[in-house]
Amino acid sequence: MASHSNYTTAPVSEFLLICFPNYQSWQHWLSLPLSLLLLLAMGANAILLITIRLEASLHEPIYYLLSLLSLLDMVLCLTVIPKVLVIFWFNLRSISFSACFFQMFIMNSFLAMESCTFMVMAYDRYVAICKPLHYPFIITNEFVARATIFVVARNTLASLPVPILSARLRYCAENIIKNCICTNLSVSKLSCDNIAFNRLYQFVAGWTLLGSDLILIILSYSFILKAVLRIKAEGAATKALSTCGSHFILILFFSTVLLVLVITNLARERIPPDVPILLNILHHLIPPALNPIVYGVRTKEIKQGIQKLLRRL
């Protein structure tokens, strides 16, 4: 009995990430498409950032917000996907205690920052369409700077308690995380402490941050749609809607993938446990790969800027 007690109270210094516990043979097949998506996400976002930086016509608030979104996408990708690929290629499953909770913080805070950035971009489109004469005076470079500070500060402060609460838990013996990444629920359930408050905080904080952003986005587009329907000039309504088409597509995709991820986690007992793990990985990879492509294809100014950049090369 004494030896059992010593075992269960031994502190954990690192975790082992076990991707797809039931289908580990998937790893080799998934590594190639994940690698290609990572290269696509990094390359497309880098080209977009360089284009906005070098092209003077793109030095406008909406493109600065798009640059912020690209930076957030790149950090999220680099925080999650390289470690997943290292596990797939070299079977290096261990992750240190501090690295695990740092990854947890980045995932929670930057995901919320992305949602908040979409909300600010929706407000930008609302002002552009509903109050066009006031747009140059409301949406300024100073507005973008203040919005960026708000996006970073709000979501950093609200997300910071999640890894702190998890790190303060006692991890007695079990150190195998049945996931490819250090999500709060996957890690905290290994603890021998009560994790009710930990889960409650993440639930309340997550739905408060993402929920409030979603409500404001819906309100913005409701006002936009109402204003567009009042436009009677031929072709003006279509032109007005086209200015926010790319943004709406990205929000719809971001929200849909997130909703599917939430539903699969809630229905965890009815579906294979590997499905939420795969969706979680893809949620950190597919939106970053698609965001710059959607804007590059649908936005004339960005497309022209990229063409100029490529001609310089």
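This is a predicted model: local features need pLDDT of at least 70, side-chain atom pairs count only at pLDDT 80 or more; totals for chains, interfaces and linings use all residues.

User: Which hand does the link of Cys-172 and Cys-192 have about the S-S bond?

Analyst: Residues are numbered from 1 along each chain as its sequence is written, and side-chain values use heavy atoms, with hydrogens and water left out. Cys-172 and Cys-192 form a disulfide (a pair of cysteine sulfur atoms within 2.5 Å), with their sulfur atoms 1.7 Å apart. The angle about the S-S bond is 50°, and the link of Cys-172 and Cys-192 is right-handed.

User: Is Cys-192 buried, partly exposed or exposed?

Analyst: Buried means under 20% relative accessible area, exposed over 50%, and partly exposed in between, using a 1.4 Å probe and protein chains only. Cys-172 has 10% and counts as buried. Cys-192 has a relative accessible area of 38%, so this residue is partly exposed.

User: How many residues apart in sequence are the parts that Cys-19 and Cys-180 tie together?

Analyst: The sulfur atoms of Cys-19 and Cys-180 are 2.2 Å apart, and the two form a disulfide. Cys-19 lies in the loop between strand S1 and H2, and Cys-180 in the loop between strand S3 and helix H8, so the parts tied together are 161 residues apart. Helices (H or I, at least four residues) and strands (E, at least two) are DSSP runs, numbered from the N terminus. The separation asked for is 161 residues.

User: What is the pairing when the bonded cysteines are numbered in sequence order?

Analyst: The count comes to 3 disulfides. One of them joins Cys-100 to Cys-182, with an S to S distance of 2.1 Å. In sequence order of the bonded cysteines, the pairing is 1-4, 2-5, 3-6.

User: Which side chain makes a polar contact with the side chain of Asn-45?

Analyst: Asn-45 lies in helix H2 and is buried because its relative accessibility is 0%. A polar contact is a pair of N or O atoms within 3.5 Å; within protein, one must be able to donate a hydrogen and the other to accept it, and residues adjacent in sequence count only if both atoms are side-chain atoms. A polar atom of the Asn-45 side chain is 2.7 Å from the backbone oxygen of Ala-41. At 3.0 Å, the side-chain partner is Ser-70.
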